[in-house]
Amino acid sequence: MNLRQLDKTDLIDVLAGWAKRLAVYLPSAGGVSRLERWDGTSALPERYRNTAVPLKELFLPPAETMFRFHKDRSGFGLEPALPEAKASLVFGVRPCDARALSLVDKLFRDSYEDVYYLSRRQTTLLAGLACDKPYDSCFCTSLGLEP
Amino acid sequence: MKETEAKLREHAKALFGQNKIDYLVGFGAASLRHTTSPLIITAGDDAGLLVLDRFIVNNLSVYLRRAGGRAGVVLKGCDGRSLVSLIQDKQVKRENVTIIGIHCPSLVDLRKVERLAGRDRDEIKEIRVDGEKITVSCGGGDKIFPAEQVLFDKCLGCEFPAPPEYDTLLGGPAAARRDKALSLEPVNKLRELALPERWRFWQQEFSRCIRCYACRQVCPACACQRCFVEETEPRWVSPLPRWEDNLLFQVTRTIHVAGRCADCGECERACPARIPLRSLSRQMTGLVEEMFDYQSGASKDLPPLMTAYRSEEGEG
């Protein structure tokens with residue numbers, strides 16, 4: 001395993017380096033907190049604890065194109081339409097959300113492999129961030145996890 | 001409020017002692033700070049669990065719909081209006097409810113406190129109300145804010161601090177707040193926008209809606225056994241959380257509760273996506289007042305607004 005240490009002040013440069021090859025997602029700064037495509041300049045929100053909209057939003061779009069079909073004189077045609085899953089990196093994932101997502105992964109592998117979910121999931125790197133200020137309503141430790 | 005709380009506990013115990021109620025719906029301590037939780041007690045011995053403070057936000061009339069037995073309920077002004085609407089709609093029988101009215105001193109909006117203090121609610125040690133000053137104690141020290149920056153918008157322009165219908169009324173009359181302009185600030189700010197801007201505002205807000213229906217569940221006026229949003233034949237609105245459908249759902253819901261919405265603001269408080277729903281509902285109640293000269297829940301003997309026709313209601 002490769003371990004690297006970096007100063008907090010260098011984080012932006014590291015993200016910028018990654019952003020050259022990957023779509024980088026970060027907790028949003030203003031408004032209702034969620035994971036958003038990084039604009040390339042904003043830092044992590046100052047007092048980031050967790051997003052209001054959870055991580056799974058990035059992997060469970062409310063609607064998506066699953067296939068296309070056409071009908072002409074010769075008959076029907078059906079073409080699968082896979083999501084254009086761009087190689088991505090999500091930074092700032094809390095241990096609880098990462099664990100939750102691994103459970104969702106199980107669902108989409110049960111019985112058959114769901115290519116729509118998995119193509120997004122498998123092209124995404126999750127960069128975790130340990131908690132230093134869990135909410136008083138948090139309960140990760142009750143489930144055998146740690147902040 | 002401690003005095004009123006003590007009186008409430010005494011009175012609740014007495015009601016059970018006299019066998020007037022089977023259960024009482026009130027407020028109890030919550031497990032998190034600066035909140036209370038709805039509480040149902042079934043015996044006078046539990047009256048000591050009842051709580052009254054500046055965080056009694058829930059509209060408890062929502063629990064009385066389709067409830068059986070003889071209920072006791074603790075109601076503030078706006079909640080009381082909701083209950084009257086339910087009585088008008090014949091969702092609740094007046095004779096089955098013992099109403100303990102609370103003269104509401106107006107409530108603290110935790111979201112406003114968080115925003116002003118720059119802290120999350122669990123980082124705040126204490127929120128103390130002292131007349132017109134609210135002191136917020138955090139790790140770094142105390143911050144003091146004037147009451148009107150910290151109370152709910154609805155409380156700022158409250159016209160019904162006490163419920164219009166009650167069996168007992170507790171709490172002294174508090175200084176009435178009638179700053180309607182301040183109370184309507186978010187609504188008026190939106191009205192100042194040109195229509196395309198307003199549309200864009202709501203498009204943005206409703207993009208966050210996840211269709212959890214917390215707004216609907218917490219609303220006493222949303223009493224339908226089968227909500228229009230669940231109807232599939234015909235499908236009135238798509239269940240997909242796309243902003244267009246989210247907006248359509250909420251606007252339809254707002255219209256559906258017209259004449260029964262008491263501006264309790266619970267919809268906005270309950271929304272996990274922080275959509276300013278009261279801006280819609282308050283606009284609607286303003287229209288109802290304007291068009292029909294009617295305030296919901298003011299009198300239980302009036303017929304429900306949308307079921308009665310008065311000949312003065314001409315077209316235009």
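B:Tyr213 and B:Phe249 are both buried, where buried means under 20% relative accessible area, exposed means over 50%, and partly exposed covers the range in between, computed with a 1.4 Å probe on protein chains only. The model is a predicted one, in which local features need pLDDT of at least 70, side-chain atom pairs count only at pLDDT 80 or more, and totals for chains, interfaces and linings use all residues. Residues are numbered from 1 along each chain as its sequence is written, chains are lettered from A and ligands numbered from 1 in the order in which they are written, and side-chain values use heavy atoms, with hydrogens and water left out.

On confidence, chain B has an average pLDDT of 93, and 98% of its residues score at least 70; pLDDT is the predictor's confidence in each residue, on a scale from 0 to 100. The scores of the model are ipTM 0.83 and pTM 0.90. Where pLDDT is low, the predicted coordinates should not be read in detail.

Over all chains, the structure holds seven aromatic pairs. Rings of Phe, Tyr and Trp (its six-membered ring) pair if their centres lie within 6.5 Å; planes under 30 degrees apart count as stacked, over 60 as edge-to-face, and the rest as tilted. One of the pairs is formed by A:Phe59 and A:Tyr117, which is tilted, with 6.4 Å from centre to centre and 55 degrees between the planes. A:Phe59 lies in the loop between β2 (35-37) and β3 (67-72) of chain A, whereas A:Tyr117 belongs to helix α3 (residues 115-122) of chain A, so the pair ties together parts that are 58 residues apart in sequence. Helices (H or I, at least four residues) and strands (E, at least two) are DSSP runs, numbered from the N terminus. A:Phe59 is buried at 3% relative accessibility, and A:Tyr117 is buried with a relative accessible area of 3%.

In chain B, the ring centres of B:Tyr213 and B:Phe249 are 5.0 Å apart and the planes stand at 85 degrees, so this pair is edge-to-face. The pair links distant parts of the chain: B:Tyr213 is in the loop between α7 (195-206) and α8 (214-218) of chain B, and B:Phe249 is in helix α9 (residues 243-256) of chain B, 36 residues apart.

Ring pairs join A:Phe59, A:Phe108 and A:Tyr117 into a cluster. The charged end of A:Arg121 sits over the ring of A:Phe59, 5.7 Å from its centre; this requires NZ of Lys or CZ of Arg within 6 Å of the ring centre and within 35 degrees of the ring normal. In chain B, B:Arg81 lies over the face of B:Phe160, at 4.4 Å from the ring centre.

Which strands make up the open sheet of chain A, and in what order? Four strands form it in the order β2-β1-β5-β6, with mixed pairing; two strands pair if DSSP finds at least two bridges between them. The edge strands are β2 and β6 (124-128) of chain A, each pairing on one side only. From one strand to the next, the twist averages 25 degrees, with axes taken as lines fitted to C-alpha atoms, for helices over the stretch in contact, and angles running from 0 to 180 degrees between N-to-C directions. Within chain A, strand β1 (residues 23-27) and strand β5 (residues 88-93) pair in the parallel sense over three bridges, and A:Tyr25 stands opposite A:Val90 in β5(A).

Chain B has an open sheet of three strands in the order β5-β6-β7, with antiparallel pairing. Its edge strands are β5 and β7 (141-146) of chain B, each of which pairs on one side only. The twist here averages 20 degrees from one strand to the next. Six bridges join the antiparallel strands β5 (residues 124-130) and β6 (residues 133-138) of chain B. B:Ile124 stands opposite B:Cys138, and B:Ile127 stands opposite B:Val136. The two strands β5(B) and β6(B) form a hairpin with two residues between them, and B:Gly131 in the turn has a positive phi of about 65 degrees.

The cysteines remain. The structure holds zero disulfides over all chains, a disulfide being a pair of cysteine sulfur atoms within 2.5 Å. The closest cysteine sulfur to that of A:Cys96 is in A:Cys131, at 6.0 Å, too far for a bond; A:Cys96 is partly exposed at 32% relative accessibility. For B:Cys264, the closest cysteine sulfur is in B:Cys78, at 5.9 Å, also too far for a bond, and B:Cys264 is buried with a relative accessible area of 10%.
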